[in-house]
Amino acid sequence: MNRSRALLILGLLAVAAALSLLLALAAGSVALRPGEVWLALTGRGEGMAIEVVRGLRLPRALAAFACGGLLALAGALMQVLLRNPLADPYVLGISGGAAVGALAAMMLGVSANFGLEAAAFTGALAAMWLVFGLARGDGSWTQTRLLLTGVIVAAGCGAAVALMLSLAPEDRLRGMLFWLMGDAAQAGDPLPALLTLAAGLAAALYFARELNLLARGPLLAATLGANVARLRLLLYFLASLLTAAAVTTVGSVGFIGLVVPHLVRLALGNDQRLLLPAAALAGGALLTLADTLARSVIAPQQLPVGVLTALIGVPVFLFLLARAPRMDQA
Amino acid sequence: MSANVAPASSRLRYSDQTNEPAGSRRYSSLLTAHDLAVSIGGKTVVAGLNLALHPGERLAILGRNGVGKTTLLHTLAGLARPEAGALELDGHGYAALGPRGAARLRGLLPQHQGDAFSASVLETVLIGRHPHLSRWDWESEADETLAREALAAVGLADLAARSIHTLSGGERQRVALATLLVQAPRLYLLDEPLAHLDLNHQIAMLELFSRRAREGGAALVMVLHDVNLAARYSDQALLLHGAGEHELGDSETALDAAGLSRLYGHPLRVIRDGERRWFVPKMPT
C-alpha cells in the first residue's frame, strides 16, 4: 500500500458516496431524474422539486451521511483503542448515556429538536466522563478495565431506558421508540454533524500512523516512539465525541460502527491511514442508502433506519465471520 | 557514529573505575546507568547498578523467573521510571530525547507479540520504520527494500506476503526480530530473543545481532536463559540474584559454575572442551 494507491481507492469511494447522496435526493414519493436533481440543487428547477430536494431530502441525506461516517469512524477508533476488532462505538456506554438524556427530555415533554439534541449530547458526555473517571480509578488505564466499566455503564443506561419506557405516557412512547432505534427523519440541521466528521477525521489522520503502532500493542508502540498514554486518551475522547455527535443527530443507529470498519478492513487491510477515511466514506454512503430505503420501501410509511441497518448488518456480519474465520480473531 | 565507535574488545566500565573525565565517558558510552535502582510491586530488582555499555559490546542478563529481568530491560529502554538513579542514552537522558528521539537510538524486542488485527508480514516489519518517517510520510521503496532485506536476514524472505496470523511461534519471533532490524537502532534490548526458535535459528540470530555489534557499532543487551549461549555470545554478564542483589562482570569470570548454581538454585558443573567451557546441570539419576 502506498499513498497514490490509497488516494485512488479513496477517490473511488468518494464517487460511490456522491452517488449514494444523488440517489437519496432522487428517490422518494416524488421521483426525480438526476438532471432534475441537479437543476433543483442549483435552484433552477420547478418550485416543488426545489422544495423537495433542498428543503426535505438534502438535509436528511446529509445528516444520514454525516452520522454514518461518524459512527464508522468512531467504531474504527474504538477497535484500535480496545485492540478488539469486535468493538463498536456503543460498547463503552456513550449511546446509552445519550438515550437516557434524550428519553428523559422526551418524558418531560421536550419536543423541540434543539432541546432533544442538547439533552442527548449532555447524556453522552456524562456517560463518557463516568466511564473515564471510573476506568481511570487509581491511575491505571487498562483495556480490560475500560471495557468492563463501559459495558457496566451501558447496562445501567439500558435499565434506566427500560424504566423510562415503562413509565412513559402512551402518546410519547412511539417517538421514544423511534429515537432508540435510530431515525434520520428527526435529524435537524446536518451542519454540526458534518463539521464534527471533518474535524474528527482530520484529527484521526494526524495520528494515523501512531494508531497503526497502537493496534500492534502498547509496548511496541512505546518502543517505536509513540506517546501511548496521550494517544489512548485522545482516542477515547475523539471516538466518544464522534459517537455522541452521531447519536445526538439520528439516535442510536446500530451496526454501522461495527460492520463498516470490519468490511473495510477485510477489503483494504488494516492501515489506519486508509482504513479511517475509507470507513468514514463507506459508513456515510451506507447509512444514506439505508435511510433512502427506510423511507421508500413501504412508503408512505417510514421505517426507523436503525432497524434496517441491523437487518442488513446482521446477516452480512455473520456471512463475513463464517467466510473468513481466521482473519480477525482477537 | 564513526569516530566514537569503540573497538569491539573495549569493556564495560564500573563505577569504581570511572574517575576519568566525565566528557570522554559521555561520548564513548551508548548506554550509561548511574546508581540505578529498579523495583516492581515493592520488590527490588537492582539497587546501585552502575554500567556503561559501549558500541560493539554485548551484555547478557540472567536470573530466575520473576526476578525482574523484563522490568529492568524496560527501564533501560526508558519505558519505565527507575526508582532512583539516572540513565543516559548516547549522552542524553530519556526525557531530553523524547519518545521519538529514543526510538531512533534504541529498540526493544518485547517478550510477547500481540496481533489483534491481521496484517501481512511485510506490513508488520515496515512498522519498524516509524521513528524514521515524518508525520505525513508513507513508507518509501527504500523502506520496503530495507524490510525485505531484514526478512531475508532472518530467513523469511518467502513469507513477506503471508498473513501474520498464519505464522508459527518461531516464525513470528523472527518477524519481530526483523522489525527491530528495520528500526535500525544503535542499542538493541532483546527480551528472550531465542524464545520459540529452533537450534539453528538460535545460533543464526545470535550471530546476526553479534555482527551488528561487531561491524555496525551497535550494542546489545539480551535477557537469556541459556547459560552456554550467554557465555559464548556476550562480553559481559549481569546476574540478578533477587532482592536487589546483582553481579556484573566479564562473562569469562562472572559466569562460573558456583555463581550459576547459586543463581538458579540448582547445581551446575563445567565440562571443558579445549578453550571452551560448557555448563551442564546436574540431573537426578
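I started in chain B, where Leu59(B) stands opposite Gln236(B) in β8(B). I counted residues from 1 along each chain as written, with chains lettered from A and ligands numbered from 1 in the order written. The model is predicted; local features need pLDDT of at least 70 and side-chain atom pairs 80 or more, while totals for chains, interfaces and linings use all residues.

I then looked up the strands. Strands (E, at least two residues) and helices (H or I, at least four) are DSSP runs numbered from the N terminus. Two strands pair if DSSP finds at least two bridges between them. I found β3 (58-63) and β8 (236-242) of chain B running parallel, joined by 5 bridges.

I placed this pair in an open sheet of 6 strands, ordered β5-β6-β7-β3-β8-β9 (chain B), with mixed pairing. I noted β5 (106-109) and β9 (245-250) of chain B as its edge strands, each pairing on one side only.

Next I checked contacts, meaning C-beta atoms, placed from the backbone, within 7 Å. I saw 24 residues of chain A in contact with 21 residues of chain B. On the chain A side, α9 (208-215) and α10 (218-223) are the elements that give two or more residues.

Last, I read the pLDDT, the predictor's confidence in each residue from 0 to 100. For chain A I noted a mean of 87, with 96% of residues at 70 or more. Among its elements, helix α14 (305-323) of chain A has the lowest mean, 80, and helix α8 (191-206) of chain A the highest, 95. Over residues 325-330 of chain A I read values below 50; this stretch has 10 contacts in the model beyond near neighbours in sequence.

Note on methods: Two residues are in contact if their C-beta atoms, placed from the backbone, lie within 7 Å.
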